[in-house]
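Welcome, and please take a moment to bring up the sequence and the model side by side. We will walk through the structure together, one stop at a time.

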Amino acid sequence: MAISSSFRLFSAKIPQSLHLPYLSLSKTLISSTSILPRFSFFRPISISFQRVPTKPSSSSSSPSLTSASLQPIEDLPPKLQEIVKLFQAVEEPKAKYQQLLFYGKNLTPLDAQYKTTENKVQGCVSQVWVRAYLDSDKNVVFEADSDSVLTKGLAALLVQGLSGRPVEEVVRVSPDFVVLLGLQQSLTPSRNNGFLNMLKLMQKKALELYIEAKRSSELTGVEDPKVGVAGTGETGLNSNVEKPVRTSNLSSKIGGIEDSVVRLSSEVSGRDSNLGGGATSETALGSRGGRIKEILERALSPIELLVEDISYQHAGHAGVRGSDGETHFNLKVVSEEFEGKSLVKRHRVVYDLLQEELQNGLHALSIVAKTPSEPTSPQNQIPSKEGTFGIRKASKEQGLASTLFCAIFETKSEEKEVHLAPYRAEWKERFIITSPGGDPLTPSILLYLLSTS
Amino acid sequence: MASVLKFPSFKFLNPNPISPTSASVQVGFRRFSCSAPSSAAVEGDSSIGSVSLGHLTRPDFPILHQEVNGSKLVYLDNAATSQKPTAVLKALQNYYEAYNSNVHRGIHFLSAKATDEYESARRKVAAFINASEPGEIIFTRNATEAINLVAYSWGLSNLKPEDEIVLTVAEHHSAIVPWQLVAQKTGAILKFVNLTEDEVPDVEKLKEMISRKTKLLVVHHISNVLASALPIYDIVHWAHAVGAKVLVDACQSVPHMAVDVQRLDADFLVASSHKMCGPTGIGFLYGKSDLLFAMPPFLGGGEMISDVFLDHSTFAEPPSRFEAGTPAIGEAIGLGAAIDYLSAIGMQKIHDYEVDLANYLYESLRSVPGVHVYGPAPSQTVFRAALCSFNVENIHPTDIATFLDQQHGVAIRSGHHCAQPLHRHLGVSASARASLHFYNTKEDVDAFIHALVDTINFFSSFK
């Protein structure tokens, strides 16, 4: 037992990999530890002390913490993992504090000009500021400061652990890891939880930087048809859908922001089709959906036609039962045929065309009918108020390859001029997140936004 | 170290008959055990040479006997909220177990009993502050709500553009914000009295600020940061001379000393139960009868009405007029029990003990290098309450409070203590605060100081 305690001491101080200089110590230990065959003492040259079974390597404060409920430590950015392990290796609480203070001491000071209200963490009893910017590799770099040394230590942990990492990684970090440090840091989300708010602010800033960077890179690529639509390498676009959209919107003189919006939405729809499960994709439509499309195309020669099967949303109510599932659709039709017709008349036209379907199980249509000269409204309008959003999840049971999401959200930061219009007017109150097949960042963004909304 | 004593002559101090025998106290001189503590002859210091009030009453407060973070709890955050004796806890439990029922409306036995106890609590509060009748006590959720009541009911109907309201920069947010809101609506103007160099509100300036335009003064009795007391008697006198009313925030005074509203002649006075050993969720507004009768309702609903029609209603007389809806019945009764408990000890006794403890705390803190305590220095003429807000050079108060808690189990508060304007005036963003009550002892203070020194050393070694 004395041996194991000295082992413990030993292991806490040395790094994982061992070098020969420690061999001499091991020799003295060997003589008294012949009873422990687990350790490869008998081959001094290749001794490895790495996994000493008698010593709990992680902090014994709560072994249950490393259960599945916490974000696995391997998911954390590498430097943060290191920090966590370091704290776990230090057992005495006072020493942990010293460690924390040490981190804080080595934090690069934040220039006074950055100590603005925008950069201040809400809810800290002490004052904490956080600054973020992107480096040349588009990784986010943080700087922070605080007038309280303990908070500064926590800020330093976050700064060191998260700086220089890609935005997606930063945004995915869950605050749970702090319990592993053994600092008795509360995780209760409350106005006053400085640590939680610090992390959230850092993630929010990273996100804003990402969006701004993406937007400015799209704006510069305005003339290039590849950029924005196929720039991400998407193929298999619905040509009859995508190109007309771009042309018609490019012709409307609204401004650079709308273009990037259009690009984003077409990018999004591009992703949908790429994954074969998109609401706008032909392959997801069943036979009825296909028929609807055909009928409308033939009769109205639309320059834009979007047919979306939303029957799963209504699964279970009277109109659906007993039919083959394709009962509710969203339609968007932009056609010259609507010229001079009132809204009611336009809807009537569409209903008349789909009479047969309506009599054979088609239960409801939600129609947007525009002429080419009309602004395909919300798509070109930039709502300036912050949107609220709920989720609509396309379910797997509908035969979609994966849980299908597509990004629609509005952000408030008018001073940064980041506006993203809803993909579709009627979806203003819902959003779906792009599937992991597309840009891996997007699900995280939306999940993050969800958690902060 | 601890000895169990029977002191028959002390029974009157503890309404709870169990405690004297279970008390484990340190006794300096056993031969004094037969004399009453108030006559212990050692120069007015009633704690040395006999059992101190703190030691006597501690057993009544079960929550104090626990460990936090591996150390014994030393609870020094009483200005934020006080602990409750078993008598109060029992009263609450008993209410819910034996006679919980809605008050004022029912006819059956339980309801009658609940009403009796509730109104009895009101009488206890009235007697406790020497109001002229129980109807002058309005039960509210807490002192903050009581101030809002005055602001929205009296303020909105009495304040006109250019009317002035005088406050000090040391007021609690609850005494400032409602008046800001009402001033916006009525066009009244808020005027603030600054501090002197001794870090107390400038009473001379306050006197000068009162004019014919002044309609209301909102002042604390005892400051929750500076520990200073304002001369309410004089202030009311000056205010009444110009026809102005005075609202006294007595949250830090009522729990610690005898307060006599008739002697002070205050127009309004507010306090919270949870700071005076009563439950949370209940507080009260004292208002002079004629003022209350002239005030329009604050919250509308049941109980505060007389007759209700579809297009209008008539209202009840005070206090019912200002007690809409089902009140915190159990809590009011709990407050009554707290008042009983405090009265059994005697507010003068509590006050005397706490003055002693206050001086001890102040002197001990000041002896620690690098510590600056806010507020006046106590003396024969200057009263200081048993609390100290302080800052340590080069160490953030949050760091101090965190370390004290985690390493020593000492509970103090760090922040702005709901007095941001005051902190701004003092030029700091936050301060640490240790605040005592009659169940604290000198040992608590010693433990705090010891822990503070350790904390300061820890952080200093890092510079």
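What follows is a tour that begins with one chain, moves to the contact between two chains, and then visits several places inside the second chain.

Keep in mind from the start that this is a predicted model. Of the 453 residues of chain A, 46% count as buried. The contacts within this chain also reach along the sequence: among those between residues at least 6 apart, 68% join residues at least 24 apart.

For a single spot in chain A, look for A:Gly361, which sits in the loop between helix H14 (355-359) and strand S6 (364-370). This glycine is partly exposed, with a relative accessible area of 25%. In sequence, A:Gly361 and A:Glu326 are 35 residues apart, while in space their C-alpha atoms are 7.6 Å apart.

Now turn to the place where the chains meet. The size of an interface is often given as the accessible area lost when the parts come together. Here, about 1400 Å² is buried between chain A and chain B, and carbon and sulfur atoms give 60% of that area. Which residues of chain A lose the most area to chain B? They are A:Lys94, A:Tyr97 and A:Val125, which together account for 34% of what that side buries. Counted by residues, the contact draws 17 from chain A and 16 from chain B.

Between chain A and chain B there are also 5 residue pairs in polar contact, with both residues at pLDDT 80 or more. On the chain A side, helix H4 (93-105) and helix H5 (149-162) each supply at least two of the residues that touch chain B. The helix that gives the most is H4(A), with 7 residues. Sorted by class, the side of chain A that touches chain B has 8 nonpolar, 6 polar and 3 charged residues.

Side chains of opposite charge can pair when their charged atoms come close. Between chain A and chain B the count is 1 salt bridge. Its partners are A:Lys94 and B:Asp454, whose side chains meet with N and O 3.6 Å apart.

Next comes the inside of chain B. Helix H5 (residues 143-158) has 16 residues and spans 21 Å from its first C-alpha to its last, close to the 22 Å expected at 1.5 Å a residue. Buried residues occur along this helix, including B:Ala143, B:Ile147, B:Val150 and B:Trp154. At the start of H5(B), a side-chain oxygen of B:Asn142 comes to within 3.3 Å of the backbone nitrogen of B:Thr144.

Another stop is B:His256, found in the loop between strand S10 (245-249) and helix H9 (261-264) of chain B. Is B:His256 buried or exposed? Its relative accessibility is 11%, so B:His256 counts as buried. Beyond its neighbours within four places in sequence, B:His256 is in contact with B:Met347, B:Ile350, B:His351, B:Glu354, B:Leu436 and B:His437. With one of these, B:Glu354, the histidine makes a side-chain to side-chain polar contact at 2.7 Å.

In one of them, B:Arg433 pairs with B:Asp77, with the closest N and O atoms 3.8 Å apart. This pair links distant parts of the chain, since B:Arg433 in strand S19 (residues 431-435) and B:Asp77 in the loop between strand S5 (74-75) and helix H3 (86-99) are 356 residues apart. B:Arg433 is buried, at 2% relative accessible area, and B:Asp77 also counts as buried, at 10%.

Finally, B:Lys288 takes part in two salt bridges that you can trace. With B:Asp265, the closest N and O atoms are 2.8 Å apart. B:Asp265 lies in the loop between H9 and strand S11 (268-272) and B:Lys288 in the loop between strand S12 (283-287) and helix H10 (289-294), so the pair ties together parts that are 23 residues apart in sequence. B:Lys288 also meets B:Asp267, at 3.4 Å from N to O.

How values were computed: Residues numbered from 1 in each chain as written. Chains lettered and ligands numbered in written order. Predicted model: local features only at pLDDT ≥ 70, side-chain atom pairs only at ≥ 80, totals over all residues. Heavy atoms only, no water. Contact = heavy atoms within 4.5 Å. Buried area = accessible area lost by both parts, 1.4 Å probe. Salt bridge = Lys/Arg side-chain N within 4 Å of Asp/Glu carboxyl O. Polar contact = N/O pair within 3.5 Å; in protein donor to acceptor, adjacent residues only side chain to side chain. Helix = DSSP H or I, 4+ residues; strand = E, 2+ residues; numbered from the N terminus. Nonpolar A, V, L, I, M, F, W, Y, C, P; charged D, E, K, R; others polar. Expected span 1.5 Å × (residues − 1). Buried < 20%, exposed > 50% of the residue type's maximum accessible area, 1.4 Å probe, protein only.
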